[in-house]
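Have the structure open and follow along.

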Protein chains: 4
Amino acid sequence: MITLISGTNRQNSRTRAITNIYQSVLEGKGAETQIVDLAEILPSDIIPNGLYANSGKHEDFNAVRELMWDAQKFVFVVPEYNGSFPGVLKVFIDALKFPGTFTDKKAGLIGLGSGVQGAVLAMSHLTDIFAYLNMSTLGFKPKLAAIDKHLANGEITNELYTTMLHQHAEKMINY
Amino acid sequence: MITLISGTNRQNSRTRAITNIYQSVLEGKGAETQIVDLAEILPSDIIPNGLYANSGKHEDFNAVRELMWDAQKFVFVVPEYNGSFPGVLKVFIDALKFPGTFTDKKAGLIGLGSGVQGAVLAMSHLTDIFAYLNMSTLGFKPKLAAIDKHLANGEITNELYTTMLHQHAEKMINY
Amino acid sequence: MITLISGTNRQNSRTRAITNIYQSVLEGKGAETQIVDLAEILPSDIIPNGLYANSGKHEDFNAVRELMWDAQKFVFVVPEYNGSFPGVLKVFIDALKFPGTFTDKKAGLIGLGSGVQGAVLAMSHLTDIFAYLNMSTLGFKPKLAAIDKHLANGEITNELYTTMLHQHAEKMINY
Amino acid sequence: MITLISGTNRQNSRTRAITNIYQSVLEGKGAETQIVDLAEILPSDIIPNGLYANSGKHEDFNAVRELMWDAQKFVFVVPEYNGSFPGVLKVFIDALKFPGTFTDKKAGLIGLGSGVQGAVLAMSHLTDIFAYLNMSTLGFKPKLAAIDKHLANGEITNELYTTMLHQHAEKMINY
């Protein structure tokens, strides 16, 4: 089972479209998957009711905390916001059970952005965070730059990007 | 005028205590200051009502957006959460006017943490983000590690830390 | 077989001492190992005779290039120099066969330093480089800070550091 | 006086071509400049004779050490090698007088590469190193990606790149 994190709470995001595509790729290779989409599972009151003294006290979010605790292998699909990952993605991580949610687990990263960087710094920063939490990150991290030109009607129109997602999926299954 | 950002919305935080101390140091050297404390100014509904399609539509937050737009020099006091900066600090940045809030401005960073790193990676990540936004960051970034042992009754009890804050304040005034 | 890189060419370095200790730990757990010590294998004329147009033309270094090409799993023991890894370690990497020396391989990192950081940024930078080269890095990266106080007569005198090396060795064997 | 570092010792490099262009831009705006080109000043025996116990003992290199000690403002032109800066550039830094060569000074960075990243990670890593050495780095860091397509006969053929170098030069003069 590979747990896919769609890493923004923006509605109808390209991030979710890529997550769906990647899920199909994984399932086409026989992997079981589940999606955790921040747009669906991050409560709008997570900041006042799910952090610090209230960590673990948000009833709706607790099911996600358990799911993340039980999952063993993750792929985070991460858009670039302001040169790094979205703040809400780090809020999500900050609201999980600590320590232990990610200890000795494995992660993959797929970055996307409307600019030319393809979230390369966002993925570098997340790799640091995962390492701090004792989770290992697959070295191969597709950078889907200028994504607005390469995604149409929920399909990727760039052959290289499709190839990279297939390669990433193969590597994650074997990681 | 130097604008100090207390970089967490946790109540009664050590981050705010350090921010207060640093403010005194700056003012003792003749600088004008103002504090933007996320614990006071980040609306609890910023996630649903202040991002993406709602950017700029949160009435209460708009005054802070204007203040940040007008400010020219910042010092961010940043605690280490999960190996980087708090998610809420990036949410705050993501909710500001884009582009332009930080363009051609100058920032300083002061890191603190209960562990041994003193938020060194948090400050590296933020420096990347500020650079992406075309803001320059002062190279000298005090790392206040094991802060719970060196802060009591709102006072720093570690002479080296006090010295570093004074040095940082001098450099920021001249930056 | 795990290939250990002693990441500086400084003679009689603490880095080599740690590499030897770590080798004993690995072998005590039944792993086969070999050491590549930059102090022994990096030719003094690698800069003029082993880079760019001369890549692969340095006879003495070519045996190391082959060894690195054939190896599958690495642990780099990395001292902190000027806030990152030693320049000579990157020269070593730049002189290897490209592309492919590290593709789809796995690495571990152990950092040491006389300061308080324990080479945390050095390891972050190397993790970025390894990712660029499509090599995955184990998330758990021991930071052996203030190493001059915790190493005597070729033995580590800090129990936590010894524990971390044992944990790292276990994880590398299973990575 | 702004000191320009051409950050590779590769002969006839694009890095040096960009350095020359940037020098013209700076001088066109009235700035005084000097170039330190690693291809000219890094001794081929710097590794055996200019590091560690031999630091400061390489007669030919000592003039450069003095020049770097005296200089106050730098711009490093940095090619991407293996996902970061060239190893020889860090060897150069490691061979300078320590501590103090960069303390309280200011730097700019210009990155180039044949790939799509334009040395973004190389510049992030160097910014960390400069910060460790207490040197501040200008936030705006031009990324000259796919440089082989945009440089011909020593001239930049991409108008955006030319604009960025002019903007960078203006900002450096005022930094």
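Keep in mind that this is a predicted model. Start with the largest nonpolar core, which holds 232 residues. Within that core, Val78(A), Val78(B), Val78(C), Val75(D) and Val78(D) touch the most other members. In soluble globular proteins, nonpolar side chains tend to be buried together.

Take the chain B copy of that valine. Leaving out residues up to four places away in sequence, Val78(B) touches a list that includes Phe85(B), Leu89(B), Leu109(B) and Ile110(B). Also among the residues touched by Val78(B) are Gly7(B), Ala122(B), Met123(B) and Leu126(B).

Now zoom out to a whole chain. Chain A is built from seven helices and eight strands. A compact globule of 175 residues would have a radius of gyration near 16 Å, and chain A, at 15 Å, agrees with that. Here are a few overall values for chain A:

| Property of chain A | Value |
|---|---|
| Span of the C-alpha trace along the principal axes | about 45 × 30 × 25 Å |
| Residues that count as buried | 55% of 175 residues |
| Contacts joining residues at least 24 apart, among those at least 6 apart in sequence | 77% |

Over in chain C, have a look at Leu165(C), which sits in helix 7 (residues 159-174). Is Leu165(C) buried or exposed? Leu165(C) is buried, because 20 other C-beta atoms lie within 10 Å. Setting aside neighbours within four places in sequence, Leu165(C) is in contact with Ile21(C), Tyr22(C), Val25(C) and Pro142(C). Tyr132(C), on the other hand, is 33 residues from Leu165(C) in sequence and 26 Å away in space, C-alpha to C-alpha.

As for the contact itself, 25 residues of chain C meet 25 residues of chain D. On the chain C side, the elements giving two or more residues are helix 3 (46-49), helix 5 (87-94) and helix 6 (120-132). Helix 5 of chain C gives the most, with six residues. Sorted by class, this side of chain C has 13 nonpolar, seven polar and five charged residues.

Terms used:
Residues numbered from 1 in each chain as written. Chains lettered and ligands numbered in written order. Predicted model: local features only at pLDDT ≥ 70, side-chain atom pairs only at ≥ 80, totals over all residues. Helix = DSSP H or I, 4+ residues; strand = E, 2+ residues; numbered from the N terminus. Buried ≥ 20, exposed ≤ 12 C-beta atoms within 10 Å, placed from the backbone. Contact = placed C-beta atoms within 7 Å. Nonpolar A, V, L, I, M, F, W, Y, C, P; charged D, E, K, R; others polar. Core = buried A, V, L, I, M, F, W, Y, C linked by C-beta atoms within 7 Å. Rg over C-alpha atoms; globule rule 2.2 N^0.38 Å.
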